[in-house]
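Please keep the viewer open while you read.

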Amino acid sequence: MKVYAAVDLGASSGRVMVGRVGPDSLELTEAHRFPNRPVRTPEGLRWDILALYAGVLDGLRAAGPALDSVGIDSWAVDYGLLDADGALLGNPVHYRDARTEGVAEKVWATVPAGELYASTGLQYAPFNTLYQLTAARDSPQLAAAERLLLIPDLLSYWLTGEQGTELTNASTTQLVDPRTREWSYDIASRLGIDLGLFAPLRQPGDPAGVLRAEVLEETGLRGAVPVTVVGSHDTASAVAAVPAVEERFAYICTGTWSLVGLELDAPVLTEASRAANFTNELGLDGTVRYLRNIMGLWLLQECVRAWGEPELGELLREAARVPALRSVVDAGDAGFLAPGRMPERIADACRASGQPVPESRGEITRCILDSLALAHRRAVGEARELAGHPVDVVHIVGGGTRNALLCQLTADACGLPVVAGPTEAAALGNVLVQARAHGLVGDLAGMRRLLARTQASTRYEPQGDTARWQAAEARLAAR
């Protein structure tokens with residue numbers, strides 16, 4: 001039995017989980033959980049990276065005293081800049097910051113959107129690292145920077161003193177060619193982006209150094225504790241933890257975002273794929289995560305915050321009593337990206353489209369859940385068509401597995417069985433990559449068989465006629 005610490009940082013909270021892995025066993029427990037609260041400064045929205053690092057150290061202290069390895073995953077696209085001495089040049093900018101507004105059009109004037117997609121395979125999202133770097137081009141911080149580290153690589157550097165750029169996360173920058181799995185030097189050169197800022201690429205399973213003596217002293221950990229490169233984009237780790245024994249599956253990684261798609265052997269770089277806004281991100285073992293980003297439970301999280309943090313179970317019970325598909329919104333609409341006034345913005349969207357305006361908390365919650373299920377349906381159906389890849393079952397992993405109403409609505413909307421679980425998929429994928437680096441588990445299929453044997457899941461069979469979902473989809477498209 002080996003013991004691994006999985007540092008798993010989401011957009012609203014961080015956690016350090018302890019995984020215990022044996023030849024036919026996999027146990028996961030929570031050592032420490034801490035909030036991730038961005039801060040709005042006069043300069044804009046920033047991550048409180050020092051608070052996150054303190055949470056990581058606290059978590060490692062709680063996970064100890066003996067660990068066989070540590071792995072780190074987090075959200076994508078954001079980064080920290082270091083000077084020539086390796087010191088951080090300010091708090092990392094949050095991907096929801098407004099600095100990238102209008103930047104995409106400037107990029108497309110140099111590299112047309114179709115050409116950019118054909119080269120990098122990444123969907124348009126205003127916060128992609130490529131657009132962030134373009135927005136920061138004339139900033140003093142970027143001018144002074146000698147190194148750029150994506151968030152999990154930055155934390156790994158602080159733990160070990162060694163620098164690298166993990167591939168699955170690098171693929172979200174819109175600066176990697178998904179066919180070669182290397183940097184797209186042509187795109188970067190044409191846009192004036194210096195790829196020399198990035199540390200060398202490294203793969204999940206590679207060594208990332210050992211904990212510095214100061215970290216050992218602060219955390220109370222014993223021995224030479226290695227840090228292992230994992231799928232450091234949390235979605236890469238979560239998809240690795242989909243307990244699929246069937247080959248023909250779709251996945252939905254749920255949390256602040258819903259990432260809906262397929263696991264493929266090669267990217268889909270067609271113009272139709274670009275028009276449908278699907279992305280080709282890199283996964284474990286040469287796989288491609290072909291998916292669409294949907295706003296996800298962010299919509300509900302923001303409403304809950306606006307309502308003073310009511311109990312989620314009561315909201316879901318109220319929502320279950322509201323008639324289905326009364327009002328729906330486009331869960332991928334960029335108008336919902338920024339924080340604040342979410343209940344009013346959802347009501348405004350329904351009003352503008354001529355639908356009944358949800359007023360109560362239950363009505364707004366039901367609108368959100370119906371809208372997410374509808375977005376899941378569209379994404380699964382379009383991914384299947386664009387990739388020519390049949391789907392027999394949908395796996396939901398992540399925080400949304402706790403939301404039984406959303407899981408059932410997704411089964412109903414897709415007309416397919418839904419298998420929900422595990423909840424802590426990103427942490428489990430993180431742990432299993434560490435375990436594989438130590439020879440305890442085999443290939444990706446072997447990892448998934450172990451998950452299916454050891455982790456609980458719930459199956460939801462589709463109910464009702466999918467025609468009503470098709471009608472709601474048409475209603476939304478006609479706005």
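## What counts as a salt bridge

A salt bridge here is a side-chain nitrogen of Lys or Arg within 4 Å of a carboxyl oxygen of Asp or Glu. The model you are looking at is predicted, and it holds 27 salt bridges. As background, side chains of opposite charge can pair when their charged atoms come close.

## A pair inside one helix

Let us start with Arg274 and Glu271, whose side chains meet in a salt bridge with an N to O distance of 2.6 Å. Where do Arg274 and Glu271 sit relative to each other in helix 11? They are three residues apart in this helix (residues 271-275), so about one helical turn separates them.

Arg274 counts as partly exposed, because its relative accessibility is 27%. Glu271 is also classed as partly exposed, with a value of 46%.

## Pairs between helices

Next comes the salt bridge of Arg361 with Glu318, in which the closest N and O atoms are 3.6 Å apart. Arg361 belongs to helix 15 (residues 361-387) and Glu318 to helix 13 (residues 312-320), so this pair ties together parts that are 43 residues apart in sequence.

Arg377 is buried, its relative accessible area being 18%.

Some salt bridges share partners: Glu30, Arg33, Arg402 and Glu424 are joined into one network in this way.

Now for the backbone. In general, strands of a sheet pair through backbone hydrogen bonds, either parallel or antiparallel. In what order do the strands of the seven-stranded sheet run? The order is 17-18-16-15-19-20-21, in an open sheet with mixed pairing. At its edges are strand 17 (279-282) and strand 21 (458-460), each of which pairs on one side only. On average, neighbouring strands of this sheet are turned by 30° against each other, direction ignored.

To look at one pairing in detail, take strand 20 (residues 418-420), which pairs with strand 21 in the antiparallel sense over three bridges. Val418 has Tyr460 in strand 21 as its bridge partner.

Technical notes:
Residues numbered from 1 in each chain as written. Predicted model: local features only at pLDDT ≥ 70, side-chain atom pairs only at ≥ 80, totals over all residues. Heavy atoms only, no water. Helix = DSSP H or I, 4+ residues; strand = E, 2+ residues; numbered from the N terminus. Buried < 20%, exposed > 50% of the residue type's maximum accessible area, 1.4 Å probe, protein only. Pairing = 2+ DSSP bridges. Axes fitted to C-alpha atoms, helices over the stretch in contact; angles between N-to-C directions.
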